[in-house]
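Please write a short report on the structure shown here.

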Amino acid sequence: MANYADYLLMWLGRQGVSRIFGNPGTTELPLIEALARQSKIEYVLGIHETAVCAMADGLARLTRTIQVVSLHAAPGLANAEAMIYNAAFSHSPLLLLIGQQDTRLRYERPFLGADLKDMIKPLVVDVWDITEPDHLLRSLRQAWARLQVEPSGPVALILPMNILSEPVAIHDDPLWQAPVLPLRTGSPPSQEIIEEFLSLLVSPWPKALVVGDRAVQNPEVLADLARIAHYGHCDVFSEPFATQLTFLPWADPCYQGRLPRAEAELSQCLSPYRHIIGLGTEMFRVFTRGKEHLPWWDQAIITQVDSDVRYFHYAPGTTSVLTSLDAFISAVRKHLPDNLTHEAPAVSGGLERPQNGNGERNDEREQFWSTLASWISPDMIVVDESISAQNALLRHLQRREPKTYYAQAGGSLGWGIGAAVGMCFDQEKPVIAIVGDGSALFGLYALWTAAQYQLPVRILIYDNHGYQILKDQLPDNPRAHSLLDIRGPTIHWQPLLTGLSCSVFESELPGNPWEFAQIWQQFISQTGPSVWVVHEKI
């Protein structure tokens with residue numbers, strides 16, 4: 001006689017699941033006992049929900065495979081929600097198994113009890129609240145099918161502990177045995193749509209091509225995207241909160257960098273263009289809202305192509321095409337001539353290359369990022385939560401290998417270290433996370449798991465002693481800056497990180513290049529997790 005927790009694991013194993021990331025509590029004890037009764041699925045223990053969600057998110061983004069996370073009732077879900085928020089924006093296929101109190105206590109305000117569906121619903125693609133044993137299998141199959149549809153995202157199953165403990169006779173129910181076949185979605189764009197798009201590309205008006213993360217997920221279409229951009233003489237921009245690098249190198253005359261994150265600057269940047277083309281992008285997603293109307297909306301013709309209607313923006317003069325992005329890009333490419341020449345961009349200098357917050361570059365800082373970028377091997381996976389240092393890093397980090405750069409998506413701090421740890425499972429490429437001091441303090445929990453598995457993850461903490469990205473938005477306010485400092489008391493990184501069984505290295509800017517090179521070699525050559533803390537001088 002087995003119980004529903006056993007059947008849950010049996011079914012997940014048949015779908016190819018090899019591990020569950022989790023931070024357990026009392027409501028997960030039936031699942032823990034079932035895990036102990038089998039050997040096919042590994043339980044990766046984390047000491048905080050932030051860590052386990054970030055790990056699963058990182059591995060899901062790297063492999064584009066479904067990852068499973070076990071969370072504990074209301075407090076555990078609340079701890080995890082910041083990372084689930086990030087996973088929603090990166091469309092990571094996560095199956096969240098959320099423990100719930102015994103259903104027989106539902107009306108008695110049970111300890112750790114809450115309406116979990118209301119808590120999680122705004123952050124997930126869908127959620128199933130299991131209230132009867134018979135609901136489990138059908139809901140699980142629906143959740144698994146939804147996870148296979150792109151763009152994907154987290155889905156949740158709420159699992160009361162008494163239902164998981166419910167005995168069930170082993171039988172040959174076809175629903176338990178049958179696999180969930182991938183859902184075939186998206187029809188190719190029509191010939192009429194392709195011809196209209198081609199006529200747009202050859203028009204003489206200045207054109208901006210804004211390419212989002214969803215358009216560059218498949219490495220096989222990157223060359224096609226480049227040919228489309230060159231054929232149309234487009235200025236190419238990455239979306240404001242791009243989490244992957246563009247398909248064009250910085251040296252390409254068509255590439256103009258990442259769009260600004262403030263509305264006024266975004267308006268100024270796009271105003272010279274008569275045509276604006278968006279592929280899989282949220283080009284209007286910004287940090288701050290300006291007081292004035294965006295004037296270019298009334299003057300530009302906007303064409304947006306995406307595989308999900310949720311990301312369309314219905315500005316005046318907008319044409320929206322709902323189709324598979326890969327199919328659309330490939331179909332357009334097939335209609336282009338084979339011998340294309342490199343043409344000058346439509347609007348020369350459409351966007352100034354990224355600067356730090358006040359528009360000036362710190363020479364010592366710039367030299368550090370330039371040197372660091374030269375040390376990072378082309379195949380090394382870079383997980384970027386450097387926040388205020390990101391522009392400096394991207395100025396120098398040249399990536400040619402696909403799927404070797406990932407930035408944080410939603411804005412919830414604490415993702416970078418956990419994501420890098422997660423990416424160390426099931427792949428052989430070296431992984432480095434570059435995080436700020438504030439970000440690091442949110443995500444240190446993941447290093448315990450890295451030490452447990454002796455994962456060769458590398459963490460570089462750039463310590464500028466405060467929330468610099470916020471200071472950059474308050475350029476002339478010393479009093480406000482002091483409220484954003486992380487100085488007194490000083491954080492002693494060495495004992496903190498050594499206590500998590502990491503090899504620790506520290507240095508200061510400005511530093512001797514030879515000394516930095518020595519530290520780098522030691523930093524990357526450790527067998528387990530290692531951390532390099534670089535202090536910016538005050």
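Predicted model: local features only at pLDDT ≥ 70, side-chain atom pairs only at ≥ 80, totals over all residues.

How covered are they? D6 has a relative accessible area of 15%, so it is buried. R37 counts as partly exposed, because its relative accessibility is 48%. The cut-off for buried is under 20%, and exposed means over 50%.

This pair belongs to a longer list, because side chains of opposite charge can pair when their charged atoms come close. A search of the whole structure finds 8 salt bridges.

## A pair between two strands

R19 forms a salt bridge with E42. Their closest N and O atoms are 3.8 Å apart. R19 lies in strand β2 (residues 19–22) and E42 in strand β3, so the pair ties together parts that are 23 residues apart in sequence. R19 is buried, since its relative accessible area is 8%. E42 has 29% relative accessibility, so it counts as partly exposed.

Which residue does E536 pair with in a salt bridge? The partner is R365, and the closest N and O atoms are 3.0 Å apart. E536 lies in strand β20 (residues 530–536), while R365 lies in helix α13 (residues 363–375). The pair therefore ties together parts that are 171 residues apart in sequence. E536 is buried, with a relative accessible area of 15%.

Salt bridges can also share partners. In this way R19, E42 and D426 are joined into one network.

How many disulfides does a search of the whole structure find? The count is 0. C53 has a relative accessible area of 1%, so it is buried. C424 counts as buried too, because its relative accessibility is 11%.

Look next at strand β7, residues 155–160. Is this strand enclosed or open? Of its 6 residues, 6 are buried, so β7 is largely enclosed by the rest of the structure. Both of its faces are covered. V155, L157 and L159 are on one side. A156, I158 and P160 are on the other. All of these residues are buried.

β7 has strand partners. Strand β5 (residues 94–100) is joined to β7 by 6 bridges, and the two run parallel. Here Q100 stands opposite P160. Strand β6 (residues 126–129) also runs parallel to β7, with 4 bridges joining them. D129 has I158 in β7 as its bridge partner.

Strand β17 covers residues 431–436. How many of its residues are buried? The count is 6 of 6, so the strand is mostly covered. V431, A433 and V435 point one way from β17. I432, I434 and G436 point the other way. Every one of these is buried.

β17 pairs with strand β15 (residues 381–385) in the parallel sense, over 5 bridges. In this pairing V383 stands opposite A433. Strand β18 (residues 457–463) runs parallel to β17 as well, and 6 bridges join the two. V431 has V457 in β18 as its bridge partner.

## The second largest pocket

The second largest pocket has a volume of about 810 Å³. Which residues lie nearest its centre? They are V216, Q244, L245, T246 and Y405. In total, 43 residues line this pocket.

Where does the lining come from? β11 (255–258), α14 (390–396) and β16 (405–407) each supply at least two residues. The largest share, 3 residues, comes from α14. By type, the lining of the second largest pocket holds 20 nonpolar, 11 polar and 12 charged residues.

Definitions and conventions. Residues numbered from 1 in each chain as written. Heavy atoms only, no water. Buried < 20%, exposed > 50% of the residue type's maximum accessible area, 1.4 Å probe, protein only. Pairing = 2+ DSSP bridges. Salt bridge = Lys/Arg side-chain N within 4 Å of Asp/Glu carboxyl O. Disulfide = S-S within 2.5 Å. 1 Å grid on protein atoms, 1.4 Å probe; cavity = no way out; pocket = protein on both sides within 12 Å on 5 of 7 lines; lining within 4 Å. Points joined across faces, edges and corners; volume = space filled by probe spheres on them. Nonpolar A, V, L, I, M, F, W, Y, C, P; charged D, E, K, R; others polar.
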